[in-house]
Amino acid sequence: GRSLFGAAFHGGQQALGVPADGIAVGAPADLVSLTSDCWEGDDGDAFLNSWIFCRGISVDDVWVGGRKVVRGGQHVDREAVTADYRAAMRQLIAMHP
């Protein structure tokens with residue numbers, strides 16, 4: 001699991017043009033916390049394997065640039081985004097009946 005995670009992690013950094021600073025003072029704070037009922041193992045590799053290969057993993061919280069944008073698995077602006085999406089869909093449908 002470690003090599004799979006490492007390749008995906010570094011590929012994501014490259015695709016986004018993000019430096020490989022990791023968690024460090026002054027680095028962008030883009031973080032994800034997960035929730036699961038299937039954590040297994042007693043070391044980092046075992047935990048990583050259970051995260052990658054088990055079911056029941058979900059996103060709990062997300063921070064982008066140090067700002068929390070997902071709380072308890074839902075975007076903090078979910079209601080506004082949903083309302084904007086529905087309004088846009090109504091406009092598109094009205095334009096093409």
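Colleague: Is Arg2 buried, partly exposed or exposed?

Modeller: Arg2 is partly exposed, with a relative accessible area of 49%. Buried means under 20% relative accessible area, exposed over 50%, and partly exposed in between, with a 1.4 Å probe and protein chains only. Before we go on: this is a predicted model, where local features need pLDDT of at least 70, side-chain atom pairs count only at pLDDT 80 or more, and totals for chains, interfaces and linings use all residues. Residues are numbered from 1 along each chain as its sequence is written, and side-chain values use heavy atoms, with hydrogens and water left out.

Colleague: Thanks! Which side chain meets Arg2 in a salt bridge?

Modeller: The general idea is that side chains of opposite charge can pair when their charged atoms come close. A salt bridge here is a side-chain nitrogen of Lys or Arg within 4 Å of a carboxyl oxygen of Asp or Glu. Arg2 pairs with Asp45, at 2.5 Å from N to O. That pair links distant parts of the chain, 43 residues apart: Arg2 is in helix α1 (residues 2–16) and Asp45 in helix α2 (residues 44–53). Helices (H or I, at least four residues) and strands (E, at least two) are DSSP runs, numbered from the N terminus.

Colleague: How many salt bridges does a search of the whole structure find?

Modeller: There are three. One of them joins Asp77 and Arg67, with the closest N and O atoms 3.7 Å apart. Asp77 sits in the loop between β4 (74–75) and α3, and Arg67 in strand β3 (residues 67–71), so this pair ties together parts that are 10 residues apart in sequence. Asp61 and Lys68 also meet in a salt bridge, at 3.7 Å from N to O. Here Asp61 is buried, at 11% relative accessible area, while Lys68 is partly exposed, at 25%.

Colleague: And pockets? What is the volume of the largest pocket?

Modeller: Rolling a probe the size of a water molecule over the atoms shows where empty space is left. On a 1 Å grid over the protein atoms alone, with a 1.4 Å probe, a pocket is an open set of points with protein on both sides within 12 Å along at least five of seven lines; lining residues have an atom within 4 Å of a point. Grid points are joined across faces, edges and corners, and a volume is the space filled by probe spheres set on the points. The largest pocket holds about 520 Å³. Its lining has 20 residues, with Phe9, Gln13, Val18, Asp30 and Leu31 nearest the centre. Helix α1 gives the largest share of that lining, five residues.
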